[in-house]
Amino acid sequence: MCTPSKTLQPCVPFPLDDALLQEVVEKAKDWAIMHGAAMRSKQDFNPDALLFAPFILTPSSFPRKEFQKAVELQPLLNELIHAVAHDSQFLLATLSSTEKVDEFTRALIAIYRTVLDEGIAQPLSLGLLRSDLMLETRCDNDCGERARAINAYCCWKQVEINTIASGFGHLGPSSKYLQSYILSELGYREKLVNLPDNKALSGLCDAMVEAWKLQARPSAAILFVVENVTYNICDQRFHEFYIRETYPHVAVVRRTLTQIGEQGRLGPGKELLVGDVEASVVYFRAGYEPGHYFGAGEWDARLLIERSVAIKCPSIQYHLAGTKKVQQALAKPDVLRRFVGDDAPKIEAIRDIFTGLYSLDRDEGGDEAVALALADPERYVLKPQREGGGNNVYGADIPAALQAMSSAERSAWILMERIFPPLSTGYMVRPNGPVPPPLVQLVSELGIFGAIIGSKDKVLYNKQIGHMLRTKLSSSNEGGVAAGSGALDSPYLID
């Protein structure tokens, strides 16, 4: 094993003078609120009030070469997930054990089986994906020289790929603009050239409109499926605002699953009608966790949407393709060949980003994975089939979690090798946090956005469209900003 340095150099010299720090933090807070880098408070919810979203004062360093590698790989990952989503045999076989023990996955698969039996009404799907990755500081002998030269990391590894409600299309770019303002106020305008362009918001919205155009139904709307109470409101509304400003002829409506269950129906050609509105494109910002389904009405709404000719983002098969169990299966030897063919460079490029992913099914392989986790739990993380943050089990908590599961219940989880990223240093600014904020050690997770539209047999649209960076305290396991653990950030590219 090589031992590269595990700390990335900050983009500006730290620490900052206390008086300067306090002044610039106050400016940054006001900028964030006035430019929509904000959320509603979960602790003291008020629909008429916003708090700035937690943010890192200055951008965190990220190796330019690894950033570019992630950007270039995203269209290939789009194609991979698209192919997986359209292989019903693979999806059902891969999720068969999870289906038996995980109620939520079972309900999603029930919808999938229903529309398969009836015949999928809309062959086109819209995928708005986000591939999340972290830099890995551990490396083997074949990259030791490279790691020493870079002096901080060896490579990046994929944490997961999101296929539903892939957030931060607005907050990702906002982070760059906020930190650009701060760097300018600190006298470092010359460093702005190292903050990469970020067109995530326009990229996501343009893809929705492209799907809307393919429907050729000019009176129909794009439907945003939203939570009954939305805390991360800016990250949703700015999508709507962008579409209405850039494409004023395209209507956007917001409805909850509850409302769709009460008001929704299919037209004579399986058009999706909600009240007096026809929706030709459906963009899910809810529906990814059990708590969004209060009863039969919400599940009926999800099935109604899937039975319609609306283009879904995601379709039920795309939703299932994003489950942890499917991602674990893709890391198995030779599985990629099923979806990528015999293109060795493509297979190698994808396989290179996978960290260790293990099934916990009731078989020899699952028992071996449990033994690995019990022998050295700090090397691993347990992941369930859930999105939204706060669901994973880490390190020392793993043995008790595994011992509390029946052998059948294990099938609802996967085991993943932990990624050990380099540290960075910075100031985390949080609502009601200390003033001035202390200098802390941080770790970051980069998300690369992709958009793809197509049917089982043909891809019509495939792009990499932007990025986001979430940063958390190095002592924290979870990193979701909306979940309250992380902070907005953007990459400062270094050579």
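Biologist: How many nonpolar, polar and charged residues are in the lining of the largest cavity?

Modeller: Rolling a probe the size of a water molecule over the atoms shows where empty space is left. In this predicted model, the lining of the largest cavity has 10 nonpolar residues, together with three polar and three charged ones. Here Ala, Val, Leu, Ile, Met, Phe, Trp, Tyr, Cys and Pro count as nonpolar, Asp, Glu, Lys and Arg as charged, and the others, Gly among them, as polar. A cavity is a set of points on a 1 Å grid over the protein atoms alone where a 1.4 Å probe fits but cannot get out, and its lining residues have an atom within 4 Å of a point.

Biologist: Which residues lie nearest the centre of the largest cavity, and which elements each supply at least two residues of its lining?

Modeller: Of the 16 lining residues, Q158, E160, Q327, F354 and L357 lie nearest the centre. At least two lining residues each come from helix 2 (64–85), strand 6 (155–162), helix 13 (324–330) and strand 16 (413–417); helices (H or I, at least four residues) and strands (E, at least two) are DSSP runs, numbered from the N terminus.

Biologist: What volume does the largest cavity have, and how many cavities of 30 Å³ or more are there?

Modeller: The largest cavity has a volume of about 140 Å³, and the count of cavities of 30 Å³ or more is six. A volume is the space filled by probe spheres set on the points, which are joined across faces, edges and corners.

Biologist: What should I know about the chain and the model?

Modeller: The chain has 17 helices and 21 strands, and its C-alpha atoms fill a box of roughly 65 × 55 × 45 Å along the principal axes. Residues are numbered from 1 along each chain as its sequence is written, and side-chain values use heavy atoms, without hydrogens and water. Because this is a predicted model, local features need pLDDT of at least 70 and side-chain atom pairs count only at pLDDT 80 or more, while totals for chains, interfaces and linings use all residues.

Conventions
On a 1 Å grid over the protein atoms alone, a cavity is a set of points where a 1.4 Å probe fits but cannot get out, and a pocket is an open set with protein on both sides within 12 Å along at least five of seven lines; lining residues have an atom within 4 Å of a point.
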